[in-house]
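Here is a walk through one model, taken piece by piece. Keep the structure open beside the text and follow along.

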Amino acid sequence: MKYLVTIVLFFIGFGNGFAQSGLIPQPVAYHRNSGEFTLTALAKLSSDSGVPAALLKLTQEQIHSLTGFTLPVSSTNASISLKIDSLKVSQPEGYHLRIQPKSIELIGHDQAGLFYGVQSLVQLISQSSDLRLPACSIKDYPRFSYRGMHLDVSRHWFRVPFIKKYIDLLAQYKFNTFHWHLTDDQGWRIEIKRYPQLQETAAFRSQTLIGHKRELPHRFDGKKYGGYYTQDEVREVVRYAAQRHITIIPEIEMPGHALAALSAFPALGCTGGPYQAATFWGIFDDVYCAGNDSTFTFLQHVLDEVVELFPSKYIHIGGDECPKTRWKSCPKCQARMKHEGLKDEHELQSYFIQRMEKYLLTKNREIIGWDEILEGGLSPGATVMSWRGTEGGIEAMRQKHKAIMTPEMFVYFDFYQSLYPQEQVAAAWYTPLSKVYSYEPVPDSLTQEEASYLLGVQGNVWSEYLSTDAKAEYMIFPRALAVAEIAWSPKTGRTYTDFLRRLRKNESLLKRLKVNYAKVFDEITDTVLVTAPGKIQLRLKTTLPQATIRYTTDGSEPQATSSIYTSALPIPKTQTIRAAVFQGKVQQGRVFEKSFTISKSTGKPLLLATAPKGNFITSSSLVAVNGVQGTARYNTGEWLGFLGENAEWTLDLQKTETVSEIRINVLKYHWQRFWEPTALHMLVSEDGKNYREVYQYKDFPINGINEIKGQFQPTRARFIKIKAENKGIVPAGEYGADNKAWLLMDELIVN
């Protein structure tokens, strides 16, 4: 009998562990019941007195967009009822949705909860081609109170129709915050009536960088670019978002990222200018002068108008990436430090932030800043947005400050989302959908009390390389949907595999909404394994159901007749594997490619004298001898990075061999603090004790991957040693000046 009950419950669907909906984010509880509700033009809507007319109208519009008919509102014989009852639904923003064969009942804790229930209903309708909805019961509420997405409109100015579409998409997937990044070095995007120069000058730049900023020399299009949102447009967007239960948090950058503003008001800079809005991407030394009272007067006047436009509790004041170069030589800034008893320029930045925070408190507003605002002392009521990693958020919560997690390694959507060469130009890092979904915002290192200061999580969209609406959508979706689930759904009871299943069911809605989303369902992921010294295997995987992977080993295009992948492929020699997903004889998606270079070093023991740091930490040094070389998408796990420290690698060939060539790559990107070593030494030894140098290299001319080929007279050796001298500290005038330099090296090849 117990076995029979289990089988019955499985097919009926009981709880999150059994039959699942197609909803994103995954609801807290979903129960599939028997039967279906058929939605027709004869259906009617009803509501209680607490349901606003605007929500009823929005519900009608959303259902009409999917079905073609408008459901009338009626107090009698209504098959779809909307209610608000905080006793029946106890969690804020929560809802209960019950679909029965003859009726649909939706109850929200509050207006927001009712709205989110409507969004779930809309998703279910979009997934049914015949408008037959599965009978079910859903109980749902959010994990975090802050569920945000960001958009930078300074580098690329997105017009109001796109902003509204973006808000629609965020609301559909239960985000409740839109972080609008309105000012930066490349353009000022909001009208401030007191300062018309911001619209006339700061909103425009003379030209824009072509291609990637890593390409040298820089190329420009020679075209004036810019624009701004009028205050009427801002009010309209704020109203539009509020109807969809989205709060807009504006960001007015300070004290750094100020070149656009300084181009209009040069007296607010330390040198007096002249300045111009930046035409390429990066960090610039010219920032607001912290010793000039006019700076604070200007920013206070700006914020006076900003707070009138945005009713949000929070105002984001930036605070990130502010070089102290100008402050160190500015008499006014130095005088300010002396007068206020500040020991260094970091404390001067803290003074700047705290002064602006005190002003905003008089407006009953609180500040949010990027995690750099921790430097020099945190403002008493500040909320920290942790972007450089999780450390800033952790430190803030330990100091009993509220925090929002938005670490770039997981939730920045200007990064590449696949390793396929056809991807559009992106910032550099590699952040696939699976990595986004794997992120857990609550750090294990925090106590329960400390973790209570975590407001939630946010995805960030920087627009340096998103020059069109379509490019932006492609980079944002579906990765934003993974953030939506992280922010809303319980930590337990959900899996990436099931998320992909539900994502496929959401394709119909994304297509209806005309979203240029990245189709990740038919792509191949890989794992390279070192199974024994000299032995390499390649594992391939696709998440597309009922699909076959076919591959070639000679570099040719895979065809419907190519070999079928069934198990890990041995890689016995230097070669290129190409593969594609097939359903039947039809190829799905793009061709996957992986190249291997097999040498005497492949799979051999490698000892690192110092451990890699940051995003370049590896669980095994064997990634440097697995036959795979690093690429410009440098966080794929193939590059090992050393922060401010020398690198010393010792390879054991396990027997004495004749060698005449040692190869290794060095990644030089000064714009990312990736510096070439001052010198690279290659040494050999037969006994592991007595080494002799066979090659030295000091010239690294390429802005990118420098391929170092140390060639020398054939010599006998068992041990190979690589010594690379770190640059140490980034020089003045360079990106990240005064910080430790990174040294990145990849595959060690011995022939």
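This is a predicted model: local features need pLDDT of at least 70, side-chain atom pairs count only at pLDDT 80 or more; totals for chains, interfaces and linings use all residues.

To find one of them, go to Ser-81, whose bridge partner in S5 is Glu-105.

Now for a run of parallel pairings. S17 and S18 are parallel and joined by three bridges, with Trp-370 standing opposite Met-385 in S18. S18 in turn runs parallel to S19, again through three bridges, and here Met-385 stands opposite Ile-404 in S19. The side chains of S18 go two ways: Thr-383 and Met-385 point to one side, Val-384 and Ser-386 to the other, and all are buried.

Next along, S19 and S20 run parallel with three bridges between them; Ala-403 has Leu-454 as its bridge partner in S20. How many residues of S20 are buried? Six of the six are, so the strand is largely enclosed by the rest of the structure.

Helix H11 (residues 345-361) has 17 residues and spans 24 Å from first C-alpha to last, close to the 24 Å expected at 1.5 Å a residue. At the N-terminal end, Asp-344 provides the cap: one of its side-chain oxygens lies 3.1 Å from the backbone nitrogen of His-346. The buried residues of H11 include Leu-348, Tyr-351, Phe-352, Ile-353, Met-356 and Leu-360, and also Glu-345 and Glu-357.

In helix H12 (residues 391-398), the buried residues are Gly-392, Gly-393, Ile-394, Ala-396 and Met-397. Their cover includes strand S18 (383-386), strand S19 (403-405), helix H15 (448-451) and strand S20 (454-459). After H12 comes Lys-400, which has a positive phi, near 65°.

## Aromatic pairs

A pair of aromatic rings is described by the distance of the centres and the angle of the planes. The count for this model comes to 37 aromatic pairs. One of them is Phe-162 with Tyr-166, a stacked pair at 6.2 Å centre to centre, with 10° between the planes. Both residues lie in helix H4 (residues 160-172), four residues apart, or about one turn of the helix. Phe-162 and Tyr-166 are both buried.

Tyr-288 and Phe-298 make a tilted pair, 6.3 Å centre to centre and with 45° between the planes. This pair links distant parts of the chain, 10 residues apart: Tyr-288 is in the loop between helix H7 (259-264) and H8, while Phe-298 is in helix H8. Both Tyr-288 and Phe-298 are buried. Elsewhere, ring pairs tie residues into a cluster, among them Trp-370, Trp-387, Tyr-412, Phe-415, Tyr-669 and Trp-742.

## Leu-419

Last stop: Leu-419, in the loop between helix H13 (408-411) and helix H14 (433-438). Is this residue buried, partly exposed or exposed? Leu-419 has a relative accessible area of 37%, so it counts as partly exposed. Leaving out residues up to four places away in sequence, Leu-419 touches Tyr-430, Arg-633 and Thr-636. Between the C-alpha atoms of Leu-419 and Leu-262, 157 residues apart along the chain, the separation is 39 Å.

Methods:
Residues are numbered from 1 along each chain as its sequence is written. Side-chain values use heavy atoms; hydrogens and water are left out. The expected span of a helix is 1.5 Å times one less than its number of residues. Buried means under 20% relative accessible area, exposed over 50%, partly exposed in between (1.4 Å probe, protein chains only). A polar contact is a pair of N or O atoms within 3.5 Å; within protein, one must be able to donate a hydrogen and the other to accept it, and residues adjacent in sequence count only if both atoms are side-chain atoms. Contact means heavy atoms within 4.5 Å. Two strands pair if DSSP finds at least two bridges between them. Rings of Phe, Tyr and Trp (its six-membered ring) pair if their centres lie within 6.5 Å; planes under 30 degrees apart count as stacked, over 60 as edge-to-face and the rest as tilted.
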